[in-house]
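Hi,

Here is the structure I said I would pass on. Have a look at it first, and then read my notes below.

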Amino acid sequence: MERERLLSRLRRIEETFELRDPQDRVAIIEGLGSDDEDLREVAKEAAAGAMVDELCEDLLKLLADGAAPDETRGDAAIALGPALEVCHYEGFEDLDPEEMPLTEGMFDKAKAALEAAYASESTPVLVRRRALEAAVRAPSEWQNEAIRSAWESDDSEWRLTAVFCMGQVEGFRDQLVEAMASEDIDLRCEAIFAAAEAEIEEAAAEVIKLAQDATMEKDVRLAAIHALGAIAPEGAPEALEKLAEDEDEEVAEMAQEALDMLLLDDFDDEDFDFDDDEFDDDDDDDEFDDDEDFDDDDDDAPKKKK
């Protein structure tokens with residue numbers, strides 16, 4: 001498919017959270033296999049937001065395809081993460097199956113495939129890392145040892161994976177606090193998000209402190225500012241309002257984006273106070289023919305996904 005048409009289709013899927021025909025699945029797989037980094041990123045986001053069993057099956061085949069590029073297989077794994085998280089935390093007992101991105105059988109199949117991909121020594125390292133990063137969106141006991149092993153590795157990339165996973169799986173408070181003080185800038189930035197995601201008590205004050213510290217490494221400071229908007233610890237709005245007026249344009253711009261994110265998250269139905277007298281039954285019938293006028297899709301896309 002020609003690049004612009006493919007990109008347009010992928011963006012439509014990303015924005016609407018739905019697959020309209022089988023060609024949409026084909027487009028996602030084609031996008032993930034592209035050499036174009038932008039296409040791969042959009043395809044990954046589109047897949048994550050429009051997950052169904054059939055697409056999950058496609059992604060699992062791609063994950064297992066030894067002939068596919070490592071980046072493509074890794075992105076296929078990551079695209080599974082949001083659906084796994086919804087299924088794990090919402091459960092299958094109380095919700096209508098139509099409201100779930102996957103059936104319970106496919107959910108179990110995806111979890112098993114990710115565990116197998118991680119466990120196999122023949123799997124390329126990047127794919128193993130991405131499989132673990134996706135798997136922790138639905139925490140399981142086996143992941144604890146995998147995270148410890150990654151954290152104790154001499155490989156900086158595995159340690160990054162470990163820190164990301166610590167934000168999703170309980171029991172790594174001490175390691176995250178340690179990582180937040182690391183001299184490795186990438187590790188420290190990752191730890192900022194993970195510690196806040198894990199709601200570690202020390203994280204909120206530390207993230208605000210890092211965001212406000214004008215002497216801090218720029219990348220660390222910007223990561224902390226972004227985390228304030230994504231994780232919303234107590235005191236974030238006040239800190240971001242001040243940072244949005246910072247003399248450093250990058251800092252001010254990031255702070256404004258984070259503040260907008262924060263305000264958007266606070267914007268819900270409770271902000272409206274409809275007076276029942278303003279609408280009668282006839283008006284309801286005229287203006288809202290059926291439930292399709294509303295889009296109740298959940299925003300369960302990862303906060304900080306890889």
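Let's begin with α6 and α7: their axes come within 8 Å and cross at roughly 145 degrees. (Axes here are lines fitted to C-alpha atoms, for helices over the stretch in contact, with angles running from 0 to 180 degrees between N-to-C directions; helices, H or I and at least four residues, and strands, E and at least two, are DSSP runs numbered from the N terminus.) The crossing of α6 past α7 is left-handed, that is, the near helix is turned anticlockwise from the far one by less than a right angle, clockwise being right-handed. On the α6 side, Leu 114, Ala 117 and Tyr 118 meet Arg 128, Ala 131, Leu 132, Ala 134 and Ala 135 of α7. Those residues divide into seven nonpolar, no polar and one charged. (Nonpolar covers Ala, Val, Leu, Ile, Met, Phe, Trp, Tyr, Cys and Pro, charged covers Asp, Glu, Lys and Arg, and polar covers the others, Gly among them.)

Before going on, a word on where this comes from. It is a predicted model, in which local features need pLDDT of at least 70 and side-chain atom pairs count only at pLDDT 80 or more, while totals for chains, interfaces and linings use all residues. Residues are numbered from 1 along each chain as its sequence is written, and side-chain values use heavy atoms, with hydrogens and water left out.

For the overall picture, the protein chain has 16 helices and zero strands. Of its 306 residues, 42% are buried, where buried means under 20% relative accessible area, exposed over 50% and partly exposed in between (1.4 Å probe, protein chains only). Among contacts (heavy atoms within 4.5 Å) with a separation of 6 or more, 60% are between residues 24 or more positions apart.

Back to α7, residues 125–135: nine of its eleven residues are buried, so this helix is largely enclosed by the rest of the structure. Val 127, Arg 129, Arg 130 and Glu 133 are among those buried residues. Their cover includes α4 (53–64), α5 (70–90), α6 (104–119), α8 (142–151) and α9 (156–166).

What about another helix pair? The axes of α10 (173–180) and α11 (185–197) come within 8 Å and cross at roughly 135 degrees. That makes α10 oblique to α11; angles under 35 degrees count as roughly parallel, over 145 as roughly antiparallel, 65 to 115 as roughly perpendicular and the rest as oblique. This contact has eight nonpolar residues, no polar ones and one charged. The crossing is left-handed.

Now some single residues. Which loop holds Phe 17? The one between α1 (3–16) and α2. Phi of Phe 17 is near 60 degrees, a positive value in a residue other than glycine. Most residues other than glycine have a negative phi. Phe 17 counts as partly exposed, at 31% relative accessibility.

Ser 34 is in the loop between α2 (22–32) and α3 (37–49), and it is buried, with a relative accessible area of 16%. Leaving out residues up to four places away in sequence, Ser 34 touches Leu 39 and Arg 40.

Lastly, Arg 221 sits in α13 (218–231) and is buried, with a relative accessible area of 6%. Apart from neighbours within four places in sequence, its contacts include Leu 210, Asp 213, Leu 243 and Asp 246.

Cheers
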